Amino acid sequence: MLQSCGVSINTHFTQVEGRILSAPKLKVGNGEDFFPRNGRRNFNNKKLVQPTKIERWAVVNFSARCDPRNLARDLNRCGELKGIHIDPPFDYFEENPPMRRAPPTVRVEKMFELIKSRLPGAPHFLLCLLLLLTP
């Protein structure tokens, strides 16, 4: 099919010259320079320079098997450690169990209808909890 459209794929990779860039330097809350170690940055015990404030947010539970209230408390606690002020969630939205058999697009649309009916104005942040199915 590709050949009939004039598209061909080479069996060999294209060789190009490149270089490895050093990781960007970051500053953390106390003004110290912060570099990655072993290819990662560990933000434990680090505060942000300009933390934001999270207001008007909600938790949306798409049948996740966890306690959304505990999760919101943990998120708040982690945010405070980084200097981020997180208001309590405006509301917790639970998916109606019979909706779990519907196609994903229908589930999301129905959830948005529920959110719009109970939450005045647009939320700044929605934390969506999903059930992960493993084979």
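Me: A strand is a DSSP run of E with at least two residues, and strands are numbered from the N terminus. Where does Ile9 lie relative to strand S1?
Reply: In this predicted model, Ile9 is found in the segment before strand S1, which covers 26-27.

Me: Why is Ile9 called exposed?
Reply: Exposed means over 50% relative accessible area. Ile9 has 66% relative accessibility, so Ile9 counts as exposed. Together with Leu2 and Val7, Ile9 makes a nonpolar surface patch of about 290 Å².

Me: What makes Lys27 and Asp33 a salt bridge?
Reply: The cut-off is a side-chain nitrogen of Lys or Arg within 4 Å of a carboxyl oxygen of Asp or Glu. The closest N and O atoms of Lys27 and Asp33 are 2.5 Å apart, so the pair qualifies. This is one of seven salt bridges in the structure.

Me: Why is Asp33 called partly exposed?
Reply: That class lies between the 20% limit for buried and the 50% limit for exposed. Asp33 has 33% relative accessibility and therefore counts as partly exposed.

Me: What separates Arg77 and Asp74 along helix H1?
Reply: Arg77 and Asp74 are three residues apart in helix H1 (residues 68-81), which means about one helical turn. Their side chains meet in a salt bridge, with 3.1 Å from N to O.

Me: Which parts of the chain does the salt bridge of Arg107 and Glu95 link?
Reply: The side chains meet at 2.6 Å, N to O. The pair links distant parts of the chain, with Arg107 in helix H2 and Glu95 in the loop between strand S6 (92-94) and H2, twelve residues apart. Both residues are buried.

Key: Residues are numbered from 1 along each chain as its sequence is written. This is a predicted model: local features need pLDDT of at least 70, side-chain atom pairs count only at pLDDT 80 or more; totals for chains, interfaces and linings use all residues. Side-chain values use heavy atoms; hydrogens and water are left out. Patches are made of residues with over 30% relative accessible area and no salt bridge: like charges are joined within 9 Å, nonpolar side chains (Val, Leu, Ile, Met, Phe, Trp, Tyr) within 5 Å. Accessible areas come from the Shrake-Rupley method with a 1.4 Å probe; for residues, only the protein chains shown count as cover. Helices (H or I, at least four residues) and strands (E, at least two) are DSSP runs, numbered from the N terminus. Buried means under 20% relative accessible area, exposed over 50%, partly exposed in between (1.4 Å probe, protein chains only).
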